[in-house]
Amino acid sequence: MRRALSTLLSTALLGGGAVAVSASPAAAGIDCGRDPIYSISNKKTVWEPTNVHSDWAKPGVTISYAKNKTGSWTATGTATIGAEAGVIFAKASTSFSVSVGKTWSKSDTWTYAAQVEKKSGKSKGRLMMYHEAKGFSVTKFRLVPNGQQKCVKSTIWKKNGIVAPVKRNNNLWGIQYS
């Protein structure tokens, strides 16, 4: 048998022919895809201070704030995700069931009043508009073959502490103390 195979290969090589050997699909390996996958975790709702606030006042003073202004706030913790930010915000929006993005901006007339209370270790307070945001972590991974005809997760990177504003106009007023 060995001699017959050797003769076949020698004849094919010397005669300029080719011998094709095909592997079975199982021997060829498994295709796990090449596209990265993003996973959102450690989800929470947070209220972030905006650029809309009154002047400072001492305890006991009632602050009235009425101003036509554009409120805005920009996501934090996103500097290292760069070009992938759009994909990550889309994945986070689906995960939270609310649209989040890199920025939020709203022009309106804000009219609120509140009294500054005495707080231990604080000497002043001001009215502050906070905007709803979503805090989360994101993990980027790929599926890779494990050598046993199965695909397993292989982490590329994980970023913690991303906070992105919701796109809807959902604000909360309170006193910020200093």
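1. Five aromatic pairs are counted in this predicted model, where rings of Phe, Tyr and Trp (for Trp the six-membered ring) pair if their centres lie within 6.5 Å, with planes under 30 degrees apart called stacked, over 60 edge-to-face and the rest tilted. In this predicted model, local features need pLDDT of at least 70 and side-chain atom pairs count only at pLDDT 80 or more, while totals for chains, interfaces and linings use all residues. Residues are numbered from 1 along each chain as its sequence is written, and side-chain values use heavy atoms, with hydrogens and water left out.

2. One of these pairs, W110 with W173, is tilted, at 6.4 Å centre to centre and 50° between the planes. It links distant parts of the chain, since W110 lies in strand 3 (residues 103–115) and W173 in strand 6 (residues 171–177), 63 residues apart; strands (E, at least two residues) and helices (H or I, at least four) are DSSP runs numbered from the N terminus.

3. W110 is buried at 4% relative accessible area, and W173 is also buried, at 17%, because buried means under 20%, exposed over 50% and partly exposed in between, with a 1.4 Å probe and protein chains only. Together with Y65 and Y112, W110 and W173 form one aromatic cluster.

4. The largest nonpolar core has 17 residues, and I88, V100, F136 and V138 have the most contacts inside it; such a core is a set of buried Ala, Val, Leu, Ile, Met, Phe, Trp, Tyr and Cys residues joined through side-chain atoms within 4.5 Å. Helix 3 gives the largest share of this core, five residues.
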